Every structure is written in C-alpha cells, then in structure tokens.
Amino acid sequence: MSIKAIALELYRAKQNVDRILKEIEKNSSKEQQVLRNELKVAQKEWQMLRKMLDGQKESGPFQKRFTQFSSFT
C-alpha cells in the first residue's frame, strides 16, 4: 500500500474516532457504553494505521542507505 493510501485511511480513521467521541458526549449512558466499545476499536485501527504510515516513511531512503551493511539480504 502506498503512503498516500495509508494517509488517506488514517485520515478517515481519525474522523471516525472524532465522530464517535462527539456521539458519546450527546447520548445517554446506555448508548455511551456501546459507543465506548466502538471507540476502542476505532482507536486501535487509527493506531495501527499510524504505525503503518510511520513504518512506510522510515523505509524510504534511510533504510536503503544501510542495506549495503546487512549480510542477511
């Protein structure tokens, strides 16, 4: 997956987290518990995408510069 595609998915995931947080603020306590569970899932997805994006950015020129030193490639 390209960096641009990951960044787009990251943006959508962050919007989803923000939407759920706003819904938690305006709903009753019963609905809040359901939304909190949904929020946990959305936050984990956002964190996973963030790590993927960070990994893709690091694997650019920096990684290529040091591959010549590796005896495992």
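This is a short talk on one predicted model, from its overall fold down to a few residues.

Some ground rules. Residues are numbered from 1 along each chain as its sequence is written, and side-chain values use heavy atoms, with hydrogens and water left out. Because the model is predicted, local features need pLDDT of at least 70 and side-chain atom pairs count only at pLDDT 80 or more, while totals for chains, interfaces and linings use all residues.

Let's start with the fold. The chain has 3 helices and 0 strands. Along the sequence, the pattern reads α-α-α. Helices here are DSSP runs of H or I, at least four residues, and strands are runs of E, at least two; both are numbered from the N terminus.

Next, confidence. pLDDT is the predictor's confidence in each residue, from 0 to 100. The chain's mean is 83, and 77% of its residues reach 70 or more. Where is confidence lowest, and where is it highest? Helix α3, residues 61–66, is lowest, at a mean of 54. Helix α1, residues 3–26, is highest, at 94.

Now the inside. Of the chain's 73 residues, 18% count as buried. Buried means under 20% relative accessible area, exposed means over 50%, and partly exposed is in between (1.4 Å probe, protein chains only). The largest nonpolar core has 6 residues: Val17, Ile20, Ile24, Leu35, Leu39 and Ala42. Helices α1 and α2 (29–58) each supply at least two residues of this core. Apart from it lies another core, of 5 residues, including Leu10, Ala13, Leu49 and Leu53. A nonpolar core is a set of buried Ala, Val, Leu, Ile, Met, Phe, Trp, Tyr and Cys residues joined through side-chain atoms within 4.5 Å.

On to contacts, meaning heavy atoms within 4.5 Å. Take contacts between residues at least 6 apart in sequence: 59% join residues at least 24 apart. Leaving aside neighbours within four places in sequence, what does Leu35 contact? Its partners are Ile20, Glu23, Ile24 and Asn27. Gln32 sits in helix α2. Gln32 is buried, because its relative accessible area is 17%. Not counting residues up to four places away in sequence, Gln32 touches Ile24 and Asn27.

The chain's accessible surface is about 6,100 Å², with 56% belonging to carbon and sulfur atoms. Such areas come from the Shrake-Rupley method with a 1.4 Å probe; for residues, only the protein chains shown count as cover. Met48 belongs to helix α2. Met48 is partly exposed, with a relative accessible area of 47%.
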